[in-house]
Amino acid sequence: MSDTLSLATRLRAMDDTALAATLRAREISPSGIKDFFDLAEAFLDRASVQQILMRLDRETLAVLAAIGQLTEETGPPTATDIAARLSALSGREVSAESISDRVSGATALLLVEAESHRFAAYGSVRDQLRSWPAFGLPSLADLASTNAPAALEPVPDVDRRFIDRLGAERAFAAITAITELLVEVERDPARELAKGGVALPDSKRLAHAMSVDLESVAVFLAVADRAGLVARETGSWMITDSGGAWLQRSTGARWATLGAAWFERLPADIRQLLGERTHALWGSGLRGYIDWLYPAGGDWMDERIGAYTRDAELLGITANQAPTGPGSLLLADGIRPAEEAMTALLPAEVEQVYLQHDLSVVAPGPLTPRVDARLRSLADVESRALASSYRVSTSSVNRAMAAGETAESILEFLGGISLTGIPQPLNYLIGEASSRYGQVRVGSIADPRPDARSYIRSDDELLIGTILVDQSLSSLGFERTSATRVQSRFPLDVVFWSLSDARYPVAAEDAAGEIVALRRQRHAKAVAPAGINPVDALIERLRLGGEPEEEETGHAWLIRQLDAAIKAKTPLTVTVTMPNGTLVDYQLEPTSVAGGRLRGRDNRAAIERTLPLSRIAGISPAK
């Protein structure tokens with residue numbers, strides 16, 4: 001039976017879960033696939049075969065190549081036959097049990113067909129492996145006989161303290177950068193371009209807030225995305241509820257979230273590789289070992305390894321390509337021991353600050369999440385490092401009051417955390433800002449229209465005039481309705497936060513004119529992917545067109561089987577139902593299907609037969 005016909009039959013018999021898993025593993029595109037024969041051809045396509053061979057390790061490739069060679073020499077081999085061939089080529093004992101494990105994986109990927117404990121690689125798999133030496137890739141002898149590179153160089157004991165210190169510094173820097181990233185996208189989401197990547201203005205804004213270069217923004221965003229701290233919604237990157245909760249955790253716990261996400265997303269093979277090298281340098285030795293283990297991996301493996309080793313350096317899991325103490329624990333024992341070890345290396349959190357006469361606030365160390373979050377609500381971050389600084393301004397006090405603070409609550413909080421009391425200039429600024437707060441009011445129009453959904457009012461006509469000519473607010477489409485009142489087509493929250501960001505003493509009010517507190521909550525919501533999963537849709541389409549219970553569908557399936565056999569010139573056993581109900585087998589090489597009849601050459605009888613398709617009860621490989 002031809003490979004296409006055999007694999008199509010096999011695909012049709014698979015349950016939906018197994019079929020979906022294999023489609024995803026092989027990354028088969030549903031485009032252009034109308035039935036199981038099309039799907040079989042997609043699996044057998046040489047380019048598709050090469051794509052999956054690139055991702056297989058040396059031992060599995062050697063087993064596949066041995067199956068192909070033995071199949072062509074003596075027919076489908078057993079696990080014992082394959083072990084014997086590889087033992088002879090490698091000069092070391094290869095067990096049949098290890099062969100069975102590798103064959104199981106290859107069978108699940110539809111590279112091998114198993115029957116009666118014998119295994120046969122599909123022709124396109126055999127052809128692809130046979131062609132490898134022409135492209136500089138290893139032959140069966142190379143796959144079986146080439147030994148692994150020497151063991152990786154261990155990390156010297158004298159370097160371990162330095163490595164841990166450097167790893168902790170990098171981990172702290174990464175946590176700091178991602179903290180600023182989350183705070184910034186919570187304040188103002190970052191737009192994602194249709195072609196991928198954050199829009200340049202937003203990238204510059206984020207880079208400035210995070211104190212990193214432009215290229216690093218995408219790297220940190222990917223780390224945050226992997227940990228579920230940000231998500232894309234309506235074309236923009238936004239903080240998630242998980243990201244909001246992350247900001248309330250200690251520095252060590254924040255690192256644990258990032259480290260656990262890195263570890264959990266490691267592919268199983270890479271996790272095993274790195275887990276076996278928890279005290280060895282990951283530099284050129286690791287690269288050489290991976291090149292040996294995945295001989296066809298090429299750029300795909302380079303990118304795969306590069307991204308994870310890059311992020312390991314970023315998060316302090318490694319430092320200068322050597323695992324740190326926390327990194328070794330993460331790979332060997334999991335996140336909890338690693339978190340304890342990293343927490344001991346990170347700078348201790350503090351809860352008190354120095355309030356300066358120039359309105360700045362200096363923290364002698366990283367603040368606890370509680371103090372940091374409250375301080376951010378009433379001051380602007382100026383620098384973030386081991387000793388962070390903040391600055392209180394009229395606009396930052398206005399922002400705090402918009403969220404429900406009062407002059408009294410602000411002074412009480414600052415007095416509780418200050419090591420230097422409250423300087424007179426700061427006390428004066430808070431009092432002055434409090435007295436001016438609410439000079440501009442924003443509310444919702446009771447009976448909104450498309451061109452009028454919210455209003456701005458102020459008794460200060462000069463202030464209203466300033467707002468109207470402020471170019472940063474021109475997009476809000478203001479229309480002056482009186483000397484002290486303006487309306488906008490945008491809702492209250494959009495107008496309010498635009499005025500707040502422009503540093504106006506704005507307050508939101510309800511229908512009764514009472515000031516109400518507003519909080520800027522711009523969190524991405526977890527939503528199910530839109531539309532139908534393409535893999536599931538393909539399987540559903542194939543099932544609708546291939547159920548054997550329906551007579552018409554069964555007829556179409558039979559014709560496709562015969563067409564595949566004709567194309568491959570494959571002899572078949574054709575079982576025909578006779579008028580008296582008995583079944584008769586004919587050994588035929590099909591030549592054509594037309595007019596409801598099959599024509600084929602019966603080589604045993606040396607005649608050509610014509611059989612009605614309606615009488616064919618089934619077909620199978622020639623006996």
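1. Buried residues account for 47% of the 623 residues in the chain, where buried means under 20% relative accessible area with a 1.4 Å probe, protein chains only. The model is a predicted one, in which local features need pLDDT of at least 70 and side-chain atom pairs count only at pLDDT 80 or more, while totals for chains, interfaces and linings use all residues. Residues are numbered from 1 along each chain as its sequence is written, and side-chain values use heavy atoms, without hydrogens and water.

2. The radius of gyration of the chain is 35 Å, whereas a compact globule of 623 residues would have one near 25 Å; the radius is taken over C-alpha atoms, and the globule rule is 2.2 Å times the number of residues to the power 0.38. Along the principal axes, the C-alpha atoms fill a box of roughly 110 × 70 × 35 Å.

3. The chain contains 27 helices and 23 strands, which are DSSP runs (helices H or I, at least four residues; strands E, at least two) numbered from the N terminus.

4. Six strands form an open sheet with mixed pairing, in the order β14-β15-β13-β12-β16-β17. Its edge strands, β14 (479-482) and β17 (515-516), each pair on one side only; two strands pair if DSSP finds at least two bridges between them.

5. Within this sheet, β13 (residues 452-457) and β15 (residues 485-488) pair in the antiparallel sense over four bridges. Tyr-455 has Gln-487 in β15 as its bridge partner.

Key: Buried < 20%, exposed > 50% of the residue type's maximum accessible area, 1.4 Å probe, protein only.
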